[in-house]
Amino acid sequence: MTITDVDGALPDPRAFVRATDWQVLEHAYGPADKSPALLIGLLSDDPSTHATALRHLEDPIHHQNSVYSATVPAALFVAAALMDPSTATVLTAPVGRQRQVRAALLDWVESVANAVGDEAEATMARLGLRLERSPVSVQVRALRPALFRAVSAFLHDPETAVQEAAIAAAVSLLDDPELVQHRSVVTPLVRDVLAISARRSYQFVAARGLNAWGQGVGPSPARQEAGPRGDGCSTEPPF
């Protein structure tokens, strides 16, 4: 079995940004009318513009790991932008650490997917809430096949940081019932790549996925901080 494309082509990212009515959408701080001009910066040739766009994705589009109405088109835009050559741009943090924009975007996709995943649903249930009653969460969940289609293109990327970020994103996206059949293909990558990553946060994602899929116990989640940002990395410099 091999990874197959999820039905439906991703939009052209530039055309999609222009066609979306951002004025009726909101992020953590209110109307998202300024979001298109900032997000399109992901497709620029200027590292500082890339960094500004990544900061906007992180906050306010996905403020404190929450999802908003603007998160929905932003996620689809990011998925479409992943294949753009501009996202291979390498950003340098003040401490000298370098990382591709593409890896940061894949981390962002993982976080968004995790925010509406099975664990999030279970947490809400313990609080007496139901995730399916959140229209935005339902909309983000509906995007998971399209997001996985974009992410799967990087599961064997020669750049280690990009590959690890893609595998981590796939783990969270595979909570989708429509994508369960792909777990058997991704499992070896989770074991052989993600579980031995130098980033403890990726080890946590690996353990979470393997445990949830009944594939044995990886590194103990109890000893890890949750999510790709748990080891102090973020989607913007400094990573």
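Analyst: For the classes used below, Ala, Val, Leu, Ile, Met, Phe, Trp, Tyr, Cys and Pro count as nonpolar, Asp, Glu, Lys and Arg as charged, and the remaining residues, Gly among them, as polar. On that basis, the lining of the second largest pocket comprises five charged, three polar and three nonpolar residues. The model is a predicted one, and the volume computed for this pocket is about 160 Å³.

The residues that line the second largest pocket are Val90, Arg97, Gln98, Arg99, Gln100, Glu159, Ala161, Glu164, Ser197, Arg199 and Tyr202. Two elements, strand β4 (98-100) and helix α9 (160-173), each contribute at least two residues to the lining. The largest share, three residues, belongs to β4.

Together with α11 (200-212), α9 is included in what covers the buried residues of α10. Those buried residues of α10, a helix spanning residues 183-192, are Arg183, Val186, Thr187, Leu189 and Val190.

Of its 239 residues, 55% are buried. Among contacts in the chain with a separation of 6 or more, 66% join residues 24 or more positions apart. The chain exposes about 10600 Å², and 53% of that area is supplied by carbon and sulfur atoms.

Note on methods: Residues are numbered from 1 along each chain as its sequence is written. This is a predicted model: local features need pLDDT of at least 70, side-chain atom pairs count only at pLDDT 80 or more; totals for chains, interfaces and linings use all residues. Side-chain values use heavy atoms; hydrogens and water are left out. Buried means under 20% relative accessible area, exposed over 50%, partly exposed in between (1.4 Å probe, protein chains only). Contact means heavy atoms within 4.5 Å. Accessible areas come from the Shrake-Rupley method with a 1.4 Å probe; for residues, only the protein chains shown count as cover. On a 1 Å grid over the protein atoms alone, a cavity is a set of points where a 1.4 Å probe fits but cannot get out, and a pocket is an open set with protein on both sides within 12 Å along at least five of seven lines; lining residues have an atom within 4 Å of a point. Grid points are joined across faces, edges and corners, and a volume is the space filled by probe spheres set on the points. Helices (H or I, at least four residues) and strands (E, at least two) are DSSP runs, numbered from the N terminus.
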